Amino acid sequence: MVTKGVMVYSEDRELELQLVGKGRELADKLGAGLSALAMGSGIADAGNLSEYGADRVYVADDPRLADFSVETYRAVILSAVKEFSPEIIIMGATKRGKELAPRIAAALGTGCMTECTSLDVDDQRRLVAERLTYGGSSIAKEVSKKMPHMATVAPRTFPKPPPSPRKGEIVRLKIDLPSPRVVVIERRKKVKASVGLEEATIIVSAGRGFRNKEDLQLLEALSGVLGAKIGCTRPVAADSGWLDEWIGISGRKVKPRLYVACGISGTIQHAAGIRGAQTIVAINNDEAAGIFELSDYGVVGDLYKVLPALTKALKERSK
Ligand SMILES: Cc1cc2nc3c(=O)[nH]c(=O)nc-3n(C[C@H](O)[C@H](O)[C@H](O)COP(=O)(O)OP(=O)(O)OC[C@H]3O[C@@H](n4cnc5c(N)ncnc54)[C@H](O)[C@@H]3O)c2cc1C
């Protein structure tokens with residue numbers, strides 16, 4: 001019988017499995033149980049949360065949960081918290097998670113450490129987290145003093161665990177759902193040019209070293225041979241409007257195997273988004289550019305010459 005312990009939730013199932021992995025580790029350290037929450041309409045795969053490590057999966061399956069509503073989702077989470085009385089709650093730092101987590105914390109009269117990059121427990125069973133601060137230039141270590149301890153975690157901060165032979169208990173929640181005060185009257189699909197930056201294994205990225213939008217074709221050619229996604233710095237997207245999404249503290253946080261930074265100076269705001277990259281290659285014509293300090297390999301040169309030469313060499317190698 002699982003009593004207190006760790007509870008995890010994200011509406012993004014991949015992220016929730018990553019939280020299950022971290023939650024399992026913390027629960028084992030505490031000698032406690034791990035529960036996960038699945039909510040929505042017509043949920044068929046709640047079981048895989050236990051296959052990846054949860055002792056118990058709370059399921060709230062109701063047609064009224066098909067669409068996200070902060071009031072109904074909050075009610076479900078609080079009801080699961082009441083059932084399980086966790087000492088630690090970890091939620092996904094998705095857009096929706098960021099709306100929900102502070103509301104849950106407020107309702108429970110506790111605090112919440114947000115977008116944690118590492119999580120552990122101390123000898124007093126308190127949650128200890130690391131978070132990036134000052135635009136990503138330093139790491140703060142924080143200890144939660146109030147129960148239940150709460151934290152949010154961004155996608156791909158922790159790896160998805162391997163499946164385990166565990167067979168957890170499935171508990172169906174019966175909840176009095178409140179009527180949402182917000183009603184969705186229309187849905188429009190967001191058009192995105194650079195879908196999947198967070199999942200990409202190779203990213204080639206543009207900075208202000210590019211003089212105009214048409215020149216991005218140099219990067220497109222390189223991305224074609226490498227099978228890479230195209231990213232950029234904030235000014236390229238937000239100021240020039242050449243691409244939709246940027247990478248960094250206020251943009252996407254990426255974890256590719258290879259990140260090629262072209263004409264990027266390497267400010268702390270951009271660096272905060274590429275910390276998780278395994279190998280960084282920088283192309284910059286200023287040998288004093290900060291990006292070289294972050295890079296594993298650096299090419300001091302004009303990107304307008306280096307990129308076509310690199311693309312040509314890679315094409316020839318792949319023949
Ligand atoms: C609150 C806040 C949040 C922010 N969030 C983000 C964020 O999330 N992500 C982000 O990226 N920025 C962010 N910024 C902006 C950030 O401070 C920088 O302005 C930005 O990262 C710089 O982008 P850049 O490297 O493209 O441009 P620059 O700093 O102008 O660098 C351009 C580089 O290109 C090189 N270069 C020029 N010509 C060539 C050439 N021909 N060949 C090779 N190299 C060349 C130059 O030597 C230079 O190093 C944020 C700023 C604020 C205030």
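Q: How many residues surround the ligand, and which are the closest?
A: This is a predicted model, where local features need pLDDT of at least 70, side-chain atom pairs count only at pLDDT 80 or more, and totals for chains, interfaces and linings use all residues. Residues are numbered from 1 along each chain as its sequence is written, and side-chain values use heavy atoms, with hydrogens and water left out. The ligand is surrounded by 25 residues, and the closest are Arg-208, Thr-233, Ser-250, Ser-265 and Asn-284.

Q: What share of the ligand's exposed area does the protein bury?
A: Areas come from the Shrake-Rupley method with a 1.4 Å probe; for residues, only the protein chains shown count as cover. Taken alone, the ligand exposes 990 Å². The protein buries 74% of that.

Q: Which helices each supply at least two residues of the shell around the ligand?
A: Helices (H or I, at least four residues) and strands (E, at least two) are DSSP runs numbered from the N terminus. The shell has seven nonpolar, 14 polar and four charged residues. The helices are H6 (234-239), H7 (268-274) and H9 (303-317).

Q: Why does the second largest pocket lie between two domains, and which are they?
A: The second largest pocket has a volume of about 430 Å³. Of its 18 lining residues, the closest to the centre are Thr-117, Leu-132, Thr-157, Lys-253 and Ala-272. H7 gives the largest share of the lining, three residues. The pocket lies between the domains because both give residues to its lining: domain 1 (6-172) and domain 2 (202-318).

Q: Where is the proline that a cis peptide bond joins to Met-147?
A: The bond joins Met-147 and Pro-148, with omega at about -10°. Pro-148 is found in the loop between strand S7 (138-143) and strand S8 (149-153).

Key. Near = heavy atom within 4 Å. Nonpolar A, V, L, I, M, F, W, Y, C, P; charged D, E, K, R; others polar. 1 Å grid on protein atoms, 1.4 Å probe; cavity = no way out; pocket = protein on both sides within 12 Å on 5 of 7 lines; lining within 4 Å. Points joined across faces, edges and corners; volume = space filled by probe spheres on them. Domains from an automatic or database assignment.
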